[in-house]
Amino acid sequence: SAPPRQYFVLTDAGKPVFVSDASPLTGDQDALASTMGLMQALVSVFLDDGDKLRCINAGRTRICFLLRSPLYYVCASNWGEPESVIRSHLEYLHLQILSVVSGAQLRRIFERRANFDLRRLLSGAETFLHMLLTRMQTDLAMSTSSLLCLPLDPSLRRKVGEALIPSKMKDILYVMLIARGRVVTLVRPKKHSVHPADLHILLNTIHAPAIVEAPASWLPVCLPKFNPSGFLHAYVSFPRHGEFAPSPPPGGGGGEFEAIRAWCASATQALESSGTLSAIERAVRRGHTEYGVHALDVPGLRHFVYKSRAHVQVTHPLWGDEYADGEAQRRLITLYQTLHDAIHGKSGQRETLKLQYIRTERESVMGWITQPFELYISMSHSLSKATVVSAANAVVRWVKREEAKLFLRDAPVF
């Protein structure tokens, strides 16, 4: 099996900022400093020639660089994934750092002191970065830049949305209810939509142990895709599930904070008294918010990922017996990522593909993109390509029938 990927963050002066747990350099500060100095020197050689270093291929190992001055991001991997996948991981790592130290703050700090040790400012936030890296290895919604919703009866989801519409609360930007790490509903202003990357950063942040273990928390957070230069405040409470309402920084003291906290308490009480939270909890406990490939009754089907392009949301079944262990999941996710890279032309291909089929000794996989959807499907390797295409059509028909339950559609706005 492939060793874990190693991730590094350094300043453009070569100062260490962050290293992933998987790196053997984690406990050796001298080796880490010299390695990052070498990385900085490699980048500088290319910059001096008016060029940018993107990646180094050495046998099966690929080392990718993402330059976001004043920070450089580096990942070493031999998983065999396309370059675009690693670059996406590094971009998420950058966004998570910006959620703690905004882009404007970073620029000001390094304009004053080029040798500033950013680790002091990020002290305590390393947990967010380590959690993010763990999520990214297997999170299929992050891989496809999408949102993953909790499958739920549409009438129940609608009740939640109606209860969470803020009345006369001008400072609220978004309200969300989260269950099992997935979005139940998202209420937003008419003129604002949430970028999937911002949502993933938020979901990662609010599931940090220090926040989950507290009954309620206020968090200053920068949503880089919304505004990389400023902070919002997120109120996070855990009555039974997670729910939070990011709002713009208050300008008139603590009154707005207290008003939002009180509104969240009353909204939670409304969900409790109507039995809505109990209904969600029951659906989760009875397994109604998950499904396996057997629900589709498609012979030879092992797994799939379906993305609704209109809703920017994905759905996929639980891992079946063929992918019960982490190594098998890693293998399939890497194949999905290869298909995704090919049909989107993300690694400099001359043209994009509408469909790609790959057959290995363990499975047959296919990626298919149309105007309304993207589909990535895994089948038994003994089946013909025509059978795989037929199965893909069956999956699309099933998702369309179940669409109201699988996706968040027509979410309330205010």
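**Close-up views of a predicted model**

**View 1. The lining of the largest cavity.** Helices α5 (140-143) and α11 (326-344) each supply at least two residues of this lining; helices (H or I, at least four residues) and strands (E, at least two) are DSSP runs, numbered from the N terminus. The model is predicted: local features need pLDDT of at least 70, side-chain atom pairs count only at pLDDT 80 or more, and totals for chains, interfaces and linings use all residues. Residues are numbered from 1 along each chain as its sequence is written, and side-chain values use heavy atoms, with hydrogens and water left out. A cavity is a set of points, on a 1 Å grid over the protein atoms alone, where a 1.4 Å probe fits but cannot get out; lining residues have an atom within 4 Å of a point. The structure holds one cavity of 30 Å³ or more. The largest cavity has a volume of about 80 Å³, the space filled by probe spheres set on the points, which are joined across faces, edges and corners. Helix α11 gives the most to its lining, with four residues. Among the lining residues are Leu140, Ser143, Val305 and Tyr376.

**View 2. Cysteines.** With a disulfide taken as a pair of cysteine sulfur atoms within 2.5 Å, the count comes to zero. For Cys149, the nearest cysteine sulfur, that of Cys264, is 20 Å away. Cys149 counts as buried because its relative accessibility is 2%; buried means under 20% relative accessible area, exposed over 50%, and partly exposed in between (1.4 Å probe, protein chains only). Cys222 is buried too, at 0%.

Key: On a 1 Å grid over the protein atoms alone, a cavity is a set of points where a 1.4 Å probe fits but cannot get out, and a pocket is an open set with protein on both sides within 12 Å along at least five of seven lines; lining residues have an atom within 4 Å of a point.
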